[in-house]
Amino acid sequence: MSPAQQRACDSLYPRYGIAGQDAPLDFAELFGNRANVVLEIGFGMGETTAAIAAAHPETNFLGVEMHWPGVGALLRRIESARLANVRLVRRDAVEVVAQQVPRASLAGIHVYFPDPWPKKRHHKRRLLQPAFVHALAERLAPGGYLHVATDWEPYAEAILATLSAEPLLANTATGFAPRPSWRPLTKFEQRGLGLGHRVFDLLFTRAPG
């Protein structure tokens, strides 16, 4: 962690961060309004999160990340851009969803470029397993969406199969979806596209009923 990221964690996390409590969050109290809430899981260094939040000030964003340098980097972006609609929690995403996110409370969920764990023996470590996908679907409000992006094709196919098998979700496309306008291209992604890599977007919504 850089000294600037450490200073951001020390001085800004108490303002924008959330304790890893085991009780459901009150989003209206947390953000000071009743705007829609989007959960972002694994925001990395926060570049995409900050860009989306700045472009959509009418929406609240809850970012989850375990990596302290990434937390510090996003805190710096929040302070620099004066983003009032972002809150962070440094905790395992599975625990956050299970214990802190109320059911039917989210307008959207973003999972961008999760670790693909490419070796077969490590596939069990992948984030988007059926049980967790079901938990995510339960946290979506009616009409809410789950948006996933990955540049690892075998993982993309596995995610597509898992999301398609979840009865609470409905695909908005036939297979993979076009990149939604709200997801900006990251520098990492632009480099990959320049090398001929393909990025796969998956966009599902909470099914009726």
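## Close-up views of a predicted model

**View 1. Arg 34, an exposed loop residue.** Arg 34 is exposed, with a relative accessible area of 77%. In this predicted model, Arg 34 lies in the loop that links α2 (27–31) to β1 (37–41). Asn 60 is 26 residues away from Arg 34 in sequence, while the two C-alpha atoms are 8.9 Å apart in space.

**View 2. The protein as a whole.** The protein contains 8 helices and 7 strands. The C-alpha trace spans about 45 × 45 × 35 Å along its principal axes. A compact globule of 209 residues would have a radius of gyration near 17 Å, and the value for the protein, 17 Å, agrees with this. Of the 209 residues, 48% count as buried. Among contacts with a separation of 6 or more, 79% are between residues 24 or more positions apart.

View 3. Strands of a sheet pair through backbone hydrogen bonds, and the pairing is either parallel or antiparallel.

View 4. Strand β2 (residues 60–64) runs parallel to β3, and 4 bridges join the two. Gly 63 stands opposite Leu 88 in β3. Between β2 and β3 the chain passes through helix α4 (residues 68–81), and this β-α-β crossover is right-handed. Which residues of β3 are buried on each of its faces? Val 86 and Leu 88 are buried on one side, and Arg 87 and Val 89 are buried on the other, so that both faces are covered.

**View 5. Two loop residues with positive phi.** Arg 82 sits in the loop between α4 and β3. Its phi is near 55 degrees, a positive value in a residue other than glycine. Arg 82 counts as exposed because its relative accessibility is 76%, and the cut-off for exposed is over 50%. Ala 104 lies in the loop between α5 (93–99) and β4. Ala 104 is not a glycine, yet its phi is positive, at about 55 degrees. With a relative accessibility of 43%, Ala 104 counts as partly exposed.

**View 6. Strand β4 between β1 and β5.** On one side, β1 and β4 (residues 106–112) run parallel and are joined by 4 bridges. Val 38 has Gly 108 in β4 as its bridge partner. β4 also runs parallel to β5, with 6 bridges between them. There, His 110 is paired with His 147 of β5.

**View 7. Strand β5 and its antiparallel neighbour.** β5 is mostly covered, with 9 of its 11 residues buried. β5 and β7 run antiparallel and are joined by 6 bridges. Thr 150 has Phe 200 in β7 as its bridge partner.

**View 8. Helix α6, mostly covered.** How many of the 10 residues of α6 (130–139) are buried? The number is 7 of 10. The buried residues are Phe 132, Val 133, Ala 135, Leu 136, Ala 137, Glu 138 and Arg 139.

**View 9. Leu 128 in the nonpolar core.** The largest nonpolar core has 57 residues. Those with the most contacts inside this core are Leu 75, Leu 88, Ile 109, Leu 128, Leu 146 and Leu 163. Leaving aside residues up to four places away in sequence, Leu 128 touches Val 111, Val 133, Leu 136, Val 148, Tyr 155, Ile 159 and Thr 162.

Terms used:
Residues numbered from 1 in each chain as written. Predicted model: local features only at pLDDT ≥ 70, side-chain atom pairs only at ≥ 80, totals over all residues. Heavy atoms only, no water. Buried < 20%, exposed > 50% of the residue type's maximum accessible area, 1.4 Å probe, protein only. Pairing = 2+ DSSP bridges. Right-handed = clockwise from strand over helix to strand, strands pointing away. Core = buried A, V, L, I, M, F, W, Y, C linked by side-chain atoms within 4.5 Å. Contact = heavy atoms within 4.5 Å. Rg over C-alpha atoms; globule rule 2.2 N^0.38 Å.
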